[in-house]
Amino acid sequence: MQTIPMLTILIFLPAAGVMGLLCLRKDDHEWIRRFAFVVSLLELMASVWFLLAGVPLGSNGYKLEEFHQWISLGPHLDAPQTWINYHLGVDGISMFLVILTAFLTVVSILCSWKSIDKRVKEFFIMILLLEVGVVGVFLSLDLFLFFLFWEVMLIPMYFLIGIWGHDRRIYATIKFVLYTMSGSILMLIGILWLYNATGTFDLPSIQLALQHGGLVLPRSTETLLFLAFFVAFAIKVPLFPFHTWLPDAHVEAPTAGSVILAGVLLKMGTYGMIRFCLPLFPDAAKRFATPIAVLAIIGIIYGALVALVQPNLKKLVAYSSVSHLGFVVLGIFAFQTVSMQGAVFQMLAHGISTGGLFLLVGMLYDRRHTFEMSQFGGLCAPMPQLAAFFLFVALSSMGLPMLNGFVGEFLILLGTYQVHWNWASWAATGVILSACYLLWSYQKVFYGDITVEKNRTLPDISTRERAILVTMAVITLWMGIGSTFFTDRTASASQAVIDQMQRPQHAEEAIVPAPAKPSQPAPGRPANATGSAIAPIASAAPRPNSLERLGTR
Amino acid sequence: MPILDHLWIIPLLPLLGSAINGLLGGKWPHNIVNSVALGATGLSFACALEAVREFVSEPNHQALVHRHFFDWISAGTFTAGFDLQMDQLTVVMLLVVTGVGFLIHIYSTGYMAHEGGYYRFFSYLNLFMFFMLILVLAANYVLLFVGWEGVGLCSYLLIGFYFLKKSAADAGKKAFIVNRIGDFGFMLGMFLLFRAFGSLDFTTVFQKAADPSWAHEPWGQFGTMTVACLLLFMGATGKSAQLPLYVWLPDAMEGPTPVSALIHAATMVTAGVYVVARSHILFVHSETAMVVVAVVGCATAFFAATIGLVQTDIKKVLAYSTVSQLGYMFLACGVGVFSAGIFHLMTHAFFKALLFLAAGSVIHAMGGEQDMRHMGGLSKKIKYTYWTMLMATLAISGAPLFAGFFSKDQILLGAYTIEGGKPLYAIGLLTALLTAFYMFRLIFLTFHGQQRYDEHHVHVHESPRSMLGPLVILAVLSIFGGWLALPAFWGGPDYFANFLAPVFSGGEASAAAAASEAAAHSLELPLAGVAVFTALLGFAVAFWLYIRQPGKPEAIAKSVGGLYTTLLNKYYVDELYAAVIVKPLLWLSTEVLWKIVDVAGIDGTVNGIAHGTTSLGDTVRHTQSGNTRSYAVWVVIGALVILAVIFLWPYWSAARPVAGMVR
């Protein structure tokens with residue numbers, strides 16, 4: 001037992017910051033910025049401090065758990081009382097994602113210092129609210145709570161793009177929200193179905209029930225549930241062919257929005273796959289592994305090829321994300337420890353390097369108010385430092401050894417190759433293509449003669465910008481050279497995901513007949529969403545202790 | 001503190017130099033930048049010497065020295081440490097890299113003195129030294145790959161050093177991307193090795209590969225070795241500019257000349273040869289891979305030499321010559337005489353670095369002119385450059401007792417003695433003829449004959465001492481560097497091969513080369529005679545065409561018009577790649593993937609659904625007309641539907657029993 005609810009603090013510290021911001025005067029921009037910055041910095045320090053200490057090296061399972069019954073749902077199945085719980089916990093995978101979120105929030109606040117000058121107060125409120133949602137997603141262990149944060153996160157993002165975005169911001173933001181929501185609906189149905197079958201929203205309990213045969217899913221049901229969750233996450237990742245919201249959202253979003261969007265929001269999708277799709281529905285995951293891997297590989301190559309021909313620099317970076325996230329999905333669905341470790345690492349590395357690229361593109365935009373590469377050219381001369389940082393980040397993004405991008409990509413491909421050499425071989429072409437689009441665009445923007453007169457006098461990076469970039473460069477190097485610091489800590493959690501996919505034999509037998517019951521649904525109970533041909537054995541099979549425990553806890 | 005236990009110092013010094021110059025050098029005067037860069041490289045060279053001394057003076061100096069410093073990557077069963085190792089092969093590479101590298105650093109202080117971005121240049125050059133040293137010291141494939149990619153990066157930066165020039169930026173980019181294509185193969189090769197051996201450490205992989213029982217494991221049956229070797233070799237063709245990935249190297253001449261000497265002649269481009277030699281235990285297990293290596297090497301040697309015949313840019317000639325000489329090294333590896341390949345790598349580092357540096361001195365003297373058609377008669381004006389370059393030319397042409405003579409002869413001998421190697425030998429010999437010809441063509445066009453430049457515009461002057469010093473040292477090495485193998489001619493010990501024997505014993509013993517040791521020795525002298533005669537012939541033809549009959553080459557070119565233009569345009573390979581790969585790919589990406597699949601297809605569907613929803617709502621809206629009579633009709637229709645359901649439901653559900661159950 002712990003006395004301080006550390007995870008709650010991590011989630012709601014930014015919310016407290018929002019309260020503070022509300023008390024500040026609307027036109028006192030400088031103090032608003034400073035206050036938001038301090039809050040985000042506190043959050044970063046707290047996350048590093050709490051989580052690195054709270055999740056000891058080599059530990060198994062969830063740490064720093066917090067459990068409270070929250071909303072009573074009345075009797076369900078044979079439990080007298082069921083609950084939506086406030087259940088938080090962290091393991092090696094979510095830990096770094098939270099730290100990454102906190103870090104990128106600081107970065108995005110710093111990079112908006114000058115470039116946001118309208119509705120300043122609202123902007124920083126939205127950024128902090130976004131942080132609440134994202135951190136909540138990574139720390140929730142209750143499906144309902146997870147879904148809640150998943151949706152909460154949409155609202156600030158909607159406004160960030162819609163208010164502070166560029167020309168086509170309304171189109172982009174509506175597209176972003178509708179796209180994501182249509183996936184979320186499916187996930188919601190899946191979550192409700194699971195509650196209906198087990199009487200709980202608690203992730204560890206459902207997992208145990210599935211693992212020990214307390215809940216047996218027939219093949220078709222498992223498939224449907226898997227797809228319900230998977231599509232929601234695939235849209236978020238985004239996996240080809242659900243990716244078309246991404247270029248629009250990125251191009252229209254303000255820099256801070258893009259940094260967080262690419263840096264952490266996309267990781268929510270891959271995180272969801274690791275946390276839900278694989279452990280809960282392993283057999284369906286195995287059945288769908290090949291088509292998903294094919295989509296991931298298409299995404300890798302396709303994203304890279306389309307990035308190659310973009311005249312718009314920000315769109316190019318956006319498509320490169322499609323390509324990079326394809327690697328992550330491939331690593332997850334190879335079901336290898338090595339590739340899973342690589343996928344987790346790549347999620348973090350991509351957050352830093354693509355976040356960095358968006359940051360740099362944003363800096364160019366601040367100076368020239370355009371993303372068109374034809375408007376640039378020869379920028380090495382007026383801004384050598386920015387050019388140097390851009391090259392550095394681009395190299396990390398294309399996976400140069402000793403920088404962060406290499407470790408993840410290498411482990412993913414290495415692990416995948418051990419079981420599917422053809423997947424890995426196709427995916428590895430992405431290594432060539434990433435060099436192509438990044439070097440091509442780098443040349444167009446920074447090399448050659450200056451073609452637009454305005455560019456001749458552009459100022460190089462400011463002290464504030466340099467501070468951000470140097471920090472990111474140091475992290476990039478650290479992750480590239482000292483990668484074991486990260487992989488040692490994610491190892492047991494990644495291994496656990498692989499282990500959870502191993503089901504005892506009896507669970508794979510199909511339908512267990514269940515006694516007929518009156519088909520009238522209990523009042524307040526959600527309708528059986530996936531159709532009537534499903535036979536959960538909630539009342540027939542002996543239920544594991546965890547479910548009993550939760551019913552009375 | 002024995003350096004041997006702290007091998008990391010050797011690469012770290014140049015890295016420090018690079019970081020210091022890169023971060024602070026911008027504001028420093030040249031001499032401080034110099035001292036940092038030269039100090040770092042010089043110290044590194046000194047440390048390397050000391051490490052080598054410790055290594056050879058160890059009582060049991062056959063053994064490989066292996067040091068683990070920290071875990072770099074680890075996941076699941078895979079670990080890659082920051083491990084460095086030293087054996088005889090490393091010793092050779094280490095001395096070549098630090099020694100020649102140091103000389104070229106010295107030369108650069110003179111050559112780059114008047115160029116902008118002085119600190120940037122030395123920062124990159126030191127960074128290159130770092131990665132190259134990692135490459136040769138690495139004790140596993142992953143760490144080797146760090147150096148491998150890193151030198152590619154430095155090559156990119158240095159080729160594109162004059163980034164305002166589009167051709168330079170293009171060339172740098174091309175080098176990196178073509179290398180990446182090779183790296184793609186290299187990575188897959190590593191994955192396969194890990195799959196087969198469960199490790200990427202050299203010692204483990206080679207031990208397991210040498211174990212005869214391994215061949216019977218399931219994976220051993222289906223040509224794993226062959227595939228792995230070919231994939232590694234694909235990486236080598238990229239880095240070492242072999243067919244079909246050689247296209248970047250000639251373009252790389254856009255970089256400053258010291259870069260061409262260091263990276264694109266002496267060190268980086270030989271990395272592919274090094275990898276093949278390092279992995280020789282794998283290669284000798286695969287007949288197919290060996291044949292491929294030999295044939296590709298031999299074909300490249302010949303192919304590049306033919307292009308070199310007609311080039312007019314002094315650096316381009318040397319570039320194709322490098323490609324050609326690298327082909328020789330691969331030929332050596334392919335026929336199983338790895339030590340000869342490494343020997344040629346070393347002598348080539350001496351004389352080719354010298355050729356480039358001397359060419360740089362010529363360019364410097366001519367005020368930037370690189371076209372040999374605008375030179376001529378320079379031998380009197382820049383004597384040091386002339387004589388040193390002549391030494392290097394003699395060495396590369398295989399003049400007796402010069403360095404290249406010994407190494408090239410060993411390769412040709414190896415090709416001759418191997419079973420079925422006669423065609424390779426013949427092509428190799430023909431290439432030697434071409435080499436002698438184009439090299440003396442270069443000498444004659446540049447230094448002899450008519451003066452073909454305007455003396456009022458070009459003020460020819462000898463280069464400063466900082467540039468001439470390295471030239472002289474390299475000239476000495478080009479002359480005597482081959483004598484390590486001299487006694488072998490009289491049946492005595494071949495010091496070089498004996499030194500490398502602990503590394504290659506496993507591989508060469510099984511290769512055919514060593515089997516007929518005695519026969520080889522008796523062949524050595526006659527074959528050397530043939531080679532000398534060939535070189536003389538090449539020299540004579542060049543002499544006749546460019547000194548005796550200066551008008552003749554043009555006439556010949558005209559008479560074989562098609563062939564000449566084909567050679568001049570390098571067989572149109574660049575154009576072919578552009579037309580077959582680059583353009584279709586860009587077209588596909590723009591017109592099909594982006595505009596049709598992405599925008600019209602996927603996004604069109606998404607937006608179509610959105611528009612569909614809107615128009616559906618719009619249609620349904622009209623039912624809310626406010627017209628009472630139409631509402632009445634809807635009420636009646638609704639009532640009818642409900643009645644129908646109520647009455648028909650039992651029949652319907654009876655006909656179709658509910659499967660499973662609803663709780």
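**Figure 1. The loop residue Q311(B) in the predicted model.** Q311(B) is found in the loop that runs between α14 and α15 (314-334) of chain B. The model shown here and in the other views is predicted. Q311(B) counts as buried because 23 other C-beta atoms lie within 10 Å, and the cut-off for a buried residue is 20 or more. Leaving aside residues up to four places away in sequence, Q311(B) touches K316(B), V317(B) and Y320(B). The view also includes L568(B): this residue is 257 residues apart from Q311(B) along the chain, yet their C-alpha atoms are separated by 6.3 Å.

**Figure 2. The loop residue H285(B).** H285(B) lies between α13 (280-284) and α14 (287-308) of chain B, in the loop that links these helices. This residue is buried, since 22 other C-beta atoms are found within 10 Å. Its contacts, not counting residues up to four places away in sequence, are A209(B) and M225(B). E58(B) stands 227 residues apart from H285(B) along the chain, and a distance of 31 Å separates their C-alpha atoms.

Figure 3. Chain B contains 27 helices and 2 strands. Its C-alpha atoms fill a box of roughly 115 × 70 × 55 Å, taken along the principal axes. Of its 663 residues, 54% count as buried.

**Figure 4. The largest nonpolar core.** This core has 446 residues, and the members that touch the most other members are C277(A), L330(A), L331(B), A353(B) and L354(B). Helix α6 (residues 166-197) of chain B gives the most to the core, with 19 residues. In soluble globular proteins, nonpolar side chains tend to be buried together. Around L354(B), the residues touched are T388(B), A392(B), L471(B), L474(B), A475(B) and S478(B), not counting residues up to four places away in sequence.

**Figure 5. The contact between chain A and chain B.** Here 50 residues of chain A are in contact with 44 residues of chain B. On the side of chain A that touches chain B, the elements giving two or more residues are α12 (282-308), α14 (337-368), α16 (404-419), α17 (421-446) and α19 (483-500) of chain A. The most comes from α17(A), with 11 residues. By class, this side of chain A consists of 32 nonpolar, 16 polar and 2 charged residues.

**Figure 6. The packing of α13(A) against α14(A).** The axes of helix α13 (residues 313-332) of chain A and α14(A) come within 8 Å and cross at roughly 175 degrees. At this angle α13(A) is roughly antiparallel to α14(A), because angles over 145 degrees fall in that class. Residues of α13(A) in the contact include L313(A), V317(A), H324(A) and F327(A), while those of α14(A) include M340(A), Q346(A), H350(A) and L357(A). The contact as a whole has 11 nonpolar, 8 polar and 1 charged residues.

**Figure 7. The hairpin of β1(A) and β2(A).** Strand β1 (residues 63-76) of chain A pairs with strand β2 (residues 79-90) of chain A in the antiparallel sense, over 9 bridges. One of the paired positions is H68(A), whose bridge partner in β2(A) is Y86(A). The two strands form a hairpin with 2 residues between them, and L77(A) in the turn has a positive phi of about 55 degrees.

Technical notes. Residues numbered from 1 in each chain as written. Chains lettered and ligands numbered in written order. Predicted model: local features only at pLDDT ≥ 70, side-chain atom pairs only at ≥ 80, totals over all residues. Helix = DSSP H or I, 4+ residues; strand = E, 2+ residues; numbered from the N terminus. Buried ≥ 20, exposed ≤ 12 C-beta atoms within 10 Å, placed from the backbone. Contact = placed C-beta atoms within 7 Å. Nonpolar A, V, L, I, M, F, W, Y, C, P; charged D, E, K, R; others polar. Axes fitted to C-alpha atoms, helices over the stretch in contact; angles between N-to-C directions. Parallel < 35°, antiparallel > 145°, perpendicular 65-115°, else oblique. Core = buried A, V, L, I, M, F, W, Y, C linked by C-beta atoms within 7 Å. Pairing = 2+ DSSP bridges.
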